[in-house]
Amino acid sequence: MTFVKGKVIDRRDWADGLWSLTVEAAVEPHEPGQFLNIGLEIAGEPVRRAYSLASAPGAPIELYLVVVAGGALTPALFRLAPGDAIDIDPRPHGYFVPSELPAARDLWLIGTGTGLAPYLAMLRHGAVLARFERVILVHGVRLVEQLGYRDELEALAAARPGFRYLPALSRERRDGLVHGRVTAALASGALERAAGVAFAPEASHVMLCGNPAMIAEMQQLLAARGLKKHRRREPGQITIEKYW
Ligand code: FAD
C-alpha cells in the first residue's frame, strides 16, 4: 500500500472524545459506504486503521471518530488540528455499499456510535433516498450529546417524507426519542412503532454498522423475524460492517 499525505482542514467536536475531521487529500473516488485506511507515524512506526467515509463522493474527505481509551491510533488522531498531516491510502475499500443491496421497499440503516459514518455518506449522496420507498436511520448512542450530525439529519427528515431519523439513547430518556439499546428497542417492538414500519423479509433490507456485539444480537433478533444475511450468491436481507 502506498500512502499519500493528507492535510486536516477542519475539525468539529461533538462531545467528549467524539469528533469529525475534514481532510484534503488526493484519493480515488469512493462509493458511499466505503472506508479508507488512515494512519500516523507513532514513535517511528506507522499505525493504520480503517475509517468509513462520512462524506459524499466528490466532497472533501470527512471522518467521524471516537477516541478508544488505550487505543494505538485514536488518541493521536484526537490531537490533530487544522494544518496537520495524516497518512491516507488513496484507494477506498469495502462492500458495505448500496450498489451491493438487492431490491427492497424499506431500507433500515442501523448504527451505533461512529457507525453512523457510512450512512451519512449514503444519505448525503442521495442515492438510497431515490431508490428505496422508505429509509429509516436508527442511531444508537448512550447520551443525547453523542448524537453527532443530529441537526443535519433532522433537517433531512423534515425535507424528505420517505426518510425517518430515529435516535435511540441507552443511558438517558428524552421525550420523542427511543429509549434503550437498539437491540432492546428492536426486541420490544419500539423501533418499528417509532418508525411506523415493520420488518418483513419480503420488504426490508437492514444494514448494521458499528459495535460487533450489537450486530451479532441484531442478526439473531432479525433471524427470528425471517431475515438472513445477504450474500451475492444467496440473497438475504441483512448487510453488516463490524468496526472491531
Ligand atoms: P486499537 O488499539 O486498534 O484497539 C483497541 C481496542 O478497542 C481493540 O480491542 C478494538 O477491538 C477495540 N475498539 C475498536 N474500536 C472501538 C470502538 N469504537 N469502541 C470501543 N472499542 C473499540 N472507527 C471510527 O471511530 N469511525 C469510523 O468511521 C470507523 N470506520 C471503520 C470502518 C471499518 C471497515 C472498520 C473495520 C473499522 C472502523 N472503525 C471506525 C474502527 C477503527 O478502524 C479502529 O478500530 C478504532 O478507531 C480504534 O483504533 P485504535 O488504534 O485507537 O485502537
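In strand E10, His179 is the bridge partner of Leu169; helices (H or I, at least four residues) and strands (E, at least two) are DSSP runs numbered from the N terminus. The model is predicted: local features need pLDDT of at least 70, side-chain atom pairs count only at pLDDT 80 or more, and totals for chains, interfaces and linings use all residues. Residues are numbered from 1 along each chain as its sequence is written, and side-chain values use heavy atoms, with hydrogens and water left out.

**Sheet and helix**

- Strand E9 (residues 163-169) pairs with E10 in the parallel sense over two bridges; two strands pair if DSSP finds at least two bridges between them.
- Both strands belong to an open sheet of six strands with parallel pairing, in the order E10-E9-E8-E7-E11-E12.
- Strand E10 (178-179) and strand E12 (238-242) are at the edges with a single partner strand each, so one side of each has no neighbour in the sheet.
- Helix H7 (residues 212-223) lies across strand E7 (106-112), strand E11 (204-210) and E12, and runs at about 160° to E11. Axes are lines fitted to C-alpha atoms, for helices over the stretch in contact, and angles run from 0 to 180 degrees between N-to-C directions.

**Glu241**

- Strand E12 contains Glu241, which is buried at a relative accessible area of 16%. Buried means under 20% relative accessible area, exposed over 50%, and partly exposed in between (1.4 Å probe, protein chains only).
- Not counting residues up to four places away in sequence, Glu241 touches Gly33, Phe35, Phe96, Leu208, Cys209, Gly210 and Ile215; contact means heavy atoms within 4.5 Å.
- Glu241 and Met214 are 27 residues apart along the chain, and their C-alpha atoms are separated by 11 Å.

**Thr114**

- Thr114 sits in the loop between E7 and helix H2 (117-125) and counts as buried at 10% relative accessibility.
- With neighbours within four places in sequence left aside, Thr114 is in contact with Leu18, Tyr64, Leu65, Val66 and Tyr243.

**Ligand**

- There are 19 residues around the ligand, of which Arg49, Ala50, Tyr51, Leu73 and Thr74 come nearest; a residue is near a molecule or strand if one of its heavy atoms lies within 4 Å of it.
- A polar side-chain atom of Thr114 is 3.0 Å from an oxygen atom of the ligand. A polar contact is a pair of N or O atoms within 3.5 Å; within protein, one must be able to donate a hydrogen and the other to accept it, and residues adjacent in sequence count only if both atoms are side-chain atoms.
- A backbone N or O atom lies 2.8 Å from a ligand nitrogen atom in the case of Tyr64, and 3.1 Å from a ligand nitrogen atom in the case of Ser52.
- The ligand taken alone exposes 910 Å², of which the protein buries 74%; accessible areas come from the Shrake-Rupley method with a 1.4 Å probe, and for residues only the protein chains shown count as cover.
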